Amino acid sequence: SSNPCQNGGSCRASSDGTFFCLCRLGYRGNQCEALVDSCRPNPCLHGGLCVSLKPGYKCSCSDGRYGRHCEKSTFGFQELSYMMFPSLDAATNDISFIFATTKEDSLLVYNYGSQSGGRSDFVALELIHGKAVFSFGGARTAITSVTVGGKSSSLANGNWHKITATRNGRVVSLSVGTCVENGDVCEECRPGDSSCYADEIGPAGTLNFNNEPLLIGGLHTADPILERPGQIRSDDLVGCVHSVSVNGRQLNLSNPIQSAGIVNTCNRKVSCESSAPDVCANFGACIDHWNSVSCTCGGDLIAPNCGLALQPISISDGGYVEFIISKKHRRMQLLETLYGGSTLWQQKRKTRSTVRNTSSPSYSSPVKSVSVLFRTVRASGIIFYAATNKHFTSVELINGQVVYISKLSTLINMTNTLGSVTDGQWHNLTLRSHVHGLEILVDGHRIGDELDSAGVHDFLDPYLTYISIGGASKTVYHVASVLPDAFEGCLANFSINNEVQPFNGSGSIFSEIILRGKVTKECNGPIGVGTAATSDPLSIGITLVIVFFVVLLVAILVSFVVFRLRKQNKEKGGSPGSPAGVHSKQNGGSNGHVNPVSENILGRPLHANDNSLGYHVENGDIIRGVGHHLVGPELLSKKFKDREIIQNEIQRPQRPDIIEREVVKNPPLRDDHPPLPPITNHSHDHVPTDLNSEIPEHYDLENASSIAPSDIDIVYHYKGFREAGGGRKYKATP
């Protein structure tokens, strides 16, 4: 019978007499009639995009990743980065390199031997002007090179390419192919296709590398080029590397002997196509640096952008800007024959012949320049300062004129004779050095004579230890024992060889800066007269509010101190002219006493025919007063001792509503009762104490029941108690 299974499925009979279908990959169902969505769930890792192929799927990887499921990663090479591996074989080298870059002059592979007289055995694979160049040579033989441009106009177009270089004895060959999927799929060039293949025969067969390491993507130091001039044309690679294979064995890029500047993923996020309109502000051309861009912002001026990078700064109150000496600066100055004084990749440099050069090429040193715009009315200050240990170059304002000071072997001083530059207008200062001389230019006019560059300090010396503008640190300032008056004004467009080094740390050469003192953005207001910008109304308002609250706080503190002092004075001495008051020591003492008070304090005496007061204590003993003083002040309660009676205050007898204590002939002293004045010796008689007197009675309710009797019951109770002579006698309530 006909096959019931669809889409190429296989029909199989089962043991019960029925059948079932074996479906091909990507189909499902009883008869393989339905497609399987292979992208659910997404099998692609690290953000890869799954593309359904029906049947099957394919992962489109991002961030420089590759593999069936984007599980592998390419490596990112930054400026001056490198990897180091064991040395190449002396006789046979089969090198495969898959990469992507936009740098037209790049070093891919370099292995060299010990040098003698500036020559050594070596093998190098490079990009020169966007073309692949494979070269090798010996210490006693000429350099042999082979070049292939590939089918594209340049191999430095940001796309993935594969270069295969082979050296078998004296025979060398080179081929170039294009790749896709982040270098995971590459096409091979057919031998004999001149557009992507070339070969050559050289004089040297076996090379001796003396166990020197194989370098991938750059140099660890500038010494190999300085000691072996003419062997290679570049010193690093900026871009992505998929893989490197040597003699059929793929190098483990995740585990080199040594490396620097390598990132584990390679994701190019910035390009001229994506950011040029915004970065260059439609003002100049965009220059691609793979991970960054720069712009031509008028004339020969190059800047990271034509906006914030050109923003001036204001300096006052001893502020200045320090630039951290970078590895890039040292490499540029040491390898000036490669860089030509510029970090631009498209900069045209002198090249060597690629066919059997027998001698090293001759180079002339490029022009060096430093320039800065300044604006001030201050007659003194440091504009530019650079030092190599105790050798220095300083450009200063002295009495309103530009003065150049340099010390190498001798001190050189040259003053501007063109007039004052402290007029509050923008002026351009430029130091320019070439092979034979040094010029100092102010607004394009040279001041003084041209100096011999060999006799002055190199202001861009590769071994600079310090560089700053607008001032300098006292510890590295060697012009004089003390710093000159601080510069106050505005600075802008600090440039090295026409490349602006912004004050925000985004420079191509000096990417790290330190702002010392008061350095602010923009350039407004009076310049160089004690302030770098006009005062902000908001700042003034905040300052006034702070001052107001500070004054208010001080006033409150002063008032509090005065109040305390007056109170202490009153407590110690009392009011002048008043009778002696009552004093007591806070913590008791050997001489604590109560001074007598005026006779009119109490309107009525409480006791008759008795010149002393007696108080009952808890054990029934009586404490009696002797004369005007109480005996035993240490027996007084703490509350009584702590109470201070002011002389000019008249204390009235307390008439409590709550019955507190019993008054007998010798009443006990209580802590919660104000002290009674001592009895003075006077001639009138006391009113006799009577049970029927109108003097308020005090009762002890400390141990009373919570259910209190009526007031009249308490009164009758205590009256009966007294009438019975101290015995307990109760009287019913009428």
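Cys490 and Cys523 are joined by a disulfide, with an S to S distance of 1.8 Å. A disulfide here is a pair of cysteine sulfur atoms within 2.5 Å. The torsion about the S-S bond of Cys490 and Cys523 is about 90°, so this disulfide is right-handed. The pair links distant parts of the chain, 33 residues apart. Cys490 lies in strand β37 (residues 489-496), and Cys523 lies in the loop between β39 (513-521) and α5. Helices (H or I, at least four residues) and strands (E, at least two) are DSSP runs, numbered from the N terminus. Cys490 counts as buried because its relative accessibility is 0%. Cys523 is buried too, at 12%. Buried means under 20% relative accessible area, exposed means over 50%, and partly exposed lies in between (1.4 Å probe, protein chains only).

This is a predicted model: local features need pLDDT of at least 70, side-chain atom pairs count only at pLDDT 80 or more, and totals for chains, interfaces and linings use all residues. Residues are numbered from 1 along each chain as its sequence is written, and side-chain values use heavy atoms, with hydrogens and water left out.

**Disulfides**

The structure holds twelve disulfides. Three of them are listed here, including the pair above.

| Pair | S to S distance | S-S torsion |
|---|---|---|
| Cys23 and Cys32 | 2.0 Å | about -95° |
| Cys240 and Cys266 | 1.4 Å | about -80° |
| Cys490 and Cys523 | 1.8 Å | about 90° |

The torsion of Cys240 and Cys266 is about -80°, so their disulfide is left-handed. Cys240 lies in strand β20 (residues 239-246), and Cys266 lies in the loop between β22 (258-263) and α2 (272-279), so the pair ties together parts that are 26 residues apart in sequence. Cys240 is buried, with a relative accessible area of 3%. Cys266 is buried at 6%.

The disulfide of Cys23 and Cys32 is left-handed. Cys32 is buried, at 0%.

Cys11 is in no disulfide. Its nearest cysteine sulfur, that of Cys5, is 4.6 Å away. Cys11 is partly exposed, at 32% relative accessibility.

**Annotated domains**

UniProt, in an unreviewed entry, places the feature "domain: EGF-like" at residues 1-33 and 35-71. Positions follow the numbering used here, feature names are shortened, and annotations may be inferred rather than shown by experiment. In the model, residues 35-71 are 0% helix and 30% strand. The end C-alpha atoms of that span lie 26 Å apart.

**Helix α3**

Helix α3 covers residues 327-334. Its buried residues include Lys328, His329 and Arg331. Met332 and Gln333 are buried as well. What do the buried residues of α3 pack against? They pack against β9 (75-85), α4 (336-339) and β27 (368-375). Contact means heavy atoms within 4.5 Å.

**Surface patch**

Leu538, Ile542, Ile546, Val550, Val554, Val558 and Val562 make a nonpolar surface patch of about 620 Å². Patches are made of residues with over 30% relative accessible area and no salt bridge; like charges are joined within 9 Å, nonpolar side chains (Val, Leu, Ile, Met, Phe, Trp, Tyr) within 5 Å. A salt bridge is a side-chain nitrogen of Lys or Arg within 4 Å of a carboxyl oxygen of Asp or Glu. Areas come from the Shrake-Rupley method with a 1.4 Å probe; for residues, only the protein chains shown count as cover. Val562 sits in helix α5 (residues 537-573). Val562 is partly exposed, with a relative accessible area of 41%.
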